[in-house]
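Here's a quick briefing on a sheet, a helix that crosses it, and the cavities. Have the model open as you read.

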Amino acid sequence: MAEKVGFVTMGEASAGGEIPEIGIGMLGYAFMGKAHSNAYRKIPYIYWPPPAIPRLIRIAGRSGEKVAQAARRYGFQSHTTDWRDLLDDPAIQVFDNCGPNDQHVDSCIAAAEAGKHIICEKPLGRTAAEARRMLDAATRAGVKHATAFNYRFVPAIRLARDLIQQGRLGRIFHFRARYLQEWITDPAFPMVWRLDAATAGSGALGDLGSHIIDLGRFLVGEPTSVSALTTTFIPERKTEDGRTMKVEVDDAFEAIVRFENGAVGTLEASRFARGRKNANTFEINGEKGSIAFNMERLNELEVYLPEEGNGDVDGFRQVLVTEANHPYVNVWWPQGHIIGWEHTFVHQLHHFLGAVVNGTEVGPLCGTFEDGYRNAVICDAILESARAGRRVEIAY
Ligand SMILES: NC(=O)c1ccc[n+]([C@@H]2O[C@H](COP(=O)([O-])OP(=O)(O)OC[C@H]3O[C@@H](n4cnc5c(N)ncnc54)[C@H](O)[C@@H]3O)[C@@H](O)[C@H]2O)c1
C-alpha cells in the first residue's frame with residue numbers, strides 16, 4: 001500500500017531522547033562547499049529525528065579572507081588556511097573534501113590516519129593508483145568512507161535501480177549514457193583548474209564521465225572492457241593573468257562498454273555541447289521494457305513496461321517520482337511538489353551520517369572509496385584505450 005502523502009504527514013515527525021551531534025570539517029568553500037554546507041544545514045529539520053545534528057566546526061581554504069567569508073556565510077564556527085588543522089581537532093569527526101581533484105589524495109589519507117570518517121568529492125583520485133591509496137588508508141583505519149556520487153540519490157534514479165533489481169525490466173541489453181555541458185566551447189574561456197591535467201587528472205572524463213560510469217555500475221553492473229576515444233578541441237588556453245597554457249586533458253570522450261552480465265553500452269561526455277546545460281541522461285533497454293532519465297527533468301522517469309498494462313495506449317509513460325512511497329521523497333513535500341538537484345546532497349549526507357552514527361553500511365546505495373577506486377580504474381582504462389587505439393580489459 002502506498003505511504004501517506006505529505007499533505008497528511010507533514011507534522012507527524014517526533015523525536016524522544018537525546019540526538020547526538022557530529023562535528024564536520026570541510027575543505028573547499030566554492031561550488032561543492034556550498035552544496036554540502038547547504039545539505040548539512042537542512043538535514044536536522046528535513047529529517048527529524050536526524051541520525052545526528054551536524055555541527056559545522058571548521059572550514060579550510062587557501063585565502064584567509066575568502067575562507068573567513070565562507071565560514072560566516074555557511075555557518076562554520078571557525079576557519080583555517082591549512083586543512084591539517086581540521087585533522088588535529090577532536091571536535092571534528094567527519095572530514096568532507098570539497099577541494100579540487102589534486103587536493104583529495106594527501107588530505108584524505110591524512111584524515112583516515114587521524115581517525116576521521118571521510119566523504120570526498122568525485123573523482124576520488126586523479127588516477128586509479130591515487131584512489132587505491134585512499135581506499136587502502138580508509139580501510140586500514142576502519143573509518144567510514146564515501147565518494148560523493150550524488151546522482152545515486154536522485155529519487156528517479158533510485159527508482160530506476162529498484163525496478164531493475166526487482167527484475168521488472170528483465171535482462172538488460174543496453175545502457176546508453178551521455179553527460180553534456182557547453183561552458184568551455186568559447187576558445188576565449190580561460191584556463192581553469194578543470195582544464196589543467198596536473199590539477200584535474202582528466203577533463204570531461206573525470207568531471208562528467210565519472211558520474212555516468214558510476215551510474216552504469218549502480219544500475220547495470222560491472223563493466224569488463226572498454227573501447228574509447230578522447231579529443232581536445234582547443235589545445236591551448238590563456239590563464240586569467242595572460243599566460244598561454246597547453247590543454248592536456250580531454251575536452252570530450254566517447255566509449256563503448258561491455259558489462260559482465262552481457263549488456264553493452266555507450267558513454268559520452270563533453271563540455272562542448274552547445275545548448276546542453278547539464279544534460280546527464282541515460283536510457284536502459286531490457287527484455288521487458290525500458291527506462292530513460294534526464295537530469296534537467298530530475299523529478300521524472302520515463303518508463304516503458306508494456307506487460308504492466310499499457311493496453312491500447314502502449315508507449316513510454318512519464319512517471320512523476322514525487323509520491324511518498326518513492327525513494328527519498330517522504331521527508332520532503334506533498335506529491336507533485338518537486339525537489340531539485342541540491343536535495344541529492346541532503347539525501348547523500350543524511351545516509352552517510354547515518355552510517356557513521358549507527359554503524360550501518362555506506363554502500364551499496366552510497367558510493368564508497370571502493371566505488372571511487374573502481375570508477376578511477378575505468379577512467380584509466382578509457383584513457384589507455386584512447387591512447388593505444390585498442391580495447392582495454394577492466395581489472396580491479
Ligand atoms: N558531485 C558533483 O555533482 C560535483 C559537481 C562539481 C564538482 N564536483 C567535484 O567537487 C570537487 C570540487 O569542485 P568545485 O566545483 O567545488 O570546485 P571549485 O573550484 O568551485 O571549488 C574548489 C574549492 O577548493 C579550494 N581550493 C583550491 N585549491 C586549494 C588548495 N590548494 N588548498 C585548499 N583549498 C583549495 C578553492 O578555494 C575552492 O574553495 C572536485 O573534485 C569536483 O570534481 C562534484
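Strands count as paired here if DSSP finds at least two bridges between them; helices (H or I, at least four residues) and strands (E, at least two) are DSSP runs, numbered from the N terminus. This is a predicted model, where local features need pLDDT of at least 70, side-chain atom pairs count only at pLDDT 80 or more, and totals for chains, interfaces and linings use all residues. Residues are numbered from 1 along each chain as its sequence is written, and side-chain values use heavy atoms, with hydrogens and water left out.

**The sheet**
- Nine strands make an open, mixed sheet, ordered E16-E15-E14-E13-E7-E12-E11-E8-E17.
- E16 (317-320) and E17 (392-393) sit at the edges with a single partner strand each, so one side of each has no neighbour in the sheet.
- E17 runs antiparallel to E8 (residues 223-231), joined by two bridges; Ser225 has Glu393 of E17 as its bridge partner.

**The cavities**
- Searching the whole structure turns up three cavities of 30 Å³ or more (on a 1 Å grid over the protein atoms alone, a cavity is a set of points where a 1.4 Å probe fits but cannot get out; lining residues have an atom within 4 Å of a point).
- Helix H11 (residues 369-388) gives the most to the lining of the largest cavity, four residues.
- The second largest cavity holds about 50 Å³, and its lining includes Phe175, Ile212 and Ile378.
- H9 supplies the largest share of the lining of that second largest cavity, with four residues.

How values were computed
1 Å grid on protein atoms, 1.4 Å probe; cavity = no way out; pocket = protein on both sides within 12 Å on 5 of 7 lines; lining within 4 Å. Points joined across faces, edges and corners; volume = space filled by probe spheres on them.
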